Amino acid sequence: MEGLVNSRIIPIRASCRRRYSVFLPTFSLQLRNKNLNKGQVWMMRRPKSLDSVAASIQRLEASTTGNTDNRQPSKEVLGLWRSADAVCLDVDSTVCVDEGIDELAEFCGAGKAVAEWTARAMGGSVPFEEALSARLSLFKPSLAQVQDFLDKRPPRISPGIEELVKKLKARNTDVYLISGGFRQMINPVASILGIPQENIFANQLLFGSSGEFLGFDANEPTSRSGGKATAVQQIRKVKGYKALVMIGDGATDLEAYKPGGANLFICYAGVQHRESVAAKANWLVFSFTDLITALE
């Protein structure tokens with residue numbers, strides 16, 4: 001949850017995610033020399049404030065039937081959604097309509113091969129860290145290429161997500177972005193939604209002093225399978241939330257739904273409908289309008 005300290009570099013290759021015009025002021029790139037002859041570009045993290053109102057709510061049992069049962073939320077699910085004091089959102093194919101790493105790979109000429117690995121990772125058929133390393137090995141963008149990508153490919157936000165975040169914040173519900181993507185691409189999305197930098201948990205690309213790709217920070221929990229669960233558990237432990245909801249489309253999001261983690265998992269299938277994940281969700285939605293309406 002903290003910043004990059006003694007980062008372990010995976011010297012694999014380069015990948016990046018998300019887009020926006022120019023690096024925002026909140027995206028503070030820094031150079032440092034540590035354990036390497038070359039500087040590394042890195043960014044820092046933070047914590048946030050505590051605000052809870054719900055009584056201790058037990059983790060609900062997810063639907064195991066998969067098709068119809070979880071399209072209609074139960075009273076228990078609705079009650080937990082309405083009383084949540086924290087909501088954690090996946091970014092790719094949830095908050096945004098794209099998979100950021102696929103978009104960057106396509107921009108750099110390796111789109112098809114990387115997209116195939118992404119599908120396997122999100123479906124849960126291969127460990128996330130293996131898929132991440134494999135995708136990064138297929139293309140090696142420099143820092144300049146990442147910046148060019150962000151300038152030319154601004155984020156495409158999913159319909160309804162801005163309204164949902166505003167409604168949650170109006171209810172004093174804290175909102176987090178939890179992503180296996182890269183912070184360089186997610187910071188602009190957070191800025192659009194008004195989500196503070198300390199509420200972002202994501203991976204970090206590392207670059208040398210000349211802007212060359214060095215690797216990614218393997219100390220970030222979201223760089224490996226079960227990482228989102230670890231991040232959610234850390235958030236809950238630090239903030240003391242009583243009712244925390246995870247919303248996402250992939251197997252890594254579902255992993256956050258466990259004791260000490262998310263009390264409720266909502267599968268958003270408005271971009272990608274991954275049936276193996278949707279089958280195990282407490283609530284399956286295809287539009288954020290359903291979640292907005294349920295809060296009214």
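Start by selecting Asp148 and Lys152, whose side chains form a salt bridge with the closest N and O atoms 3.3 Å apart. A salt bridge here is a side-chain nitrogen of Lys or Arg within 4 Å of a carboxyl oxygen of Asp or Glu. Side chains of opposite charge can pair when their charged atoms come close. Because Asp148 and Lys152 sit four residues apart in helix H5, about one helical turn separates them. Helices (H or I, at least four residues) and strands (E, at least two) are DSSP runs, numbered from the N terminus.

Now colour by accessibility. Buried means under 20% relative accessible area, exposed means over 50%, and partly exposed is in between (1.4 Å probe, protein chains only). Lys152 is exposed at 55%, while Asp148 is partly exposed at 27%.

A quick word on what you're looking at: this is a predicted model, where local features need pLDDT of at least 70 and side-chain atom pairs count only at pLDDT 80 or more, though totals for chains, interfaces and linings use all residues. Residues are numbered from 1 along each chain as its sequence is written, and side-chain values use heavy atoms, with hydrogens and water left out.

Next, select Arg153, together with Glu103 and Glu106. Glu103 makes a salt bridge with Arg153, with 3.7 Å between the closest N and O atoms. Glu103 belongs to helix H2 (residues 100-107) and Arg153 to the loop between helix H5 (143-152) and helix H6 (161-170), so this pair ties together parts that are 50 residues apart in sequence. Glu106 and Arg153 also meet in a salt bridge, at 3.0 Å from N to O. That pair links distant parts of the chain too: Glu106 is in helix H2, 47 residues from Arg153 in the loop between H5 and H6. How exposed is each of these residues? Glu103 is partly exposed at 22%, Arg153 is partly exposed at 25%, and Glu106 is partly exposed at 44%. Across the protein, the salt bridge count comes to nine.

Are they buried or exposed? Asp90 counts as buried, at 3% relative accessibility, and Asp92 is buried at 3% too.

Stay on Asp90 and show its neighbours. Leaving out residues up to four places away in sequence, Asp90 touches Val95, Ile178, Lys228, Met246, Ile247, Gly248, Asp249 and Asp253. (A contact means heavy atoms within 4.5 Å.)

For the next stop, select helix H4, residues 128-136. Seven of its nine residues are buried, so H4 is largely enclosed by the rest of the structure. The buried ones are Phe128, Ala131, Leu132, Ser133, Ala134, Arg135 and Leu136.

Finally, zoom out. The protein has 11 helices and 11 strands, and 57% of its 296 residues count as buried. Among contacts with a separation of 6 or more, 72% are between residues 24 or more positions apart.
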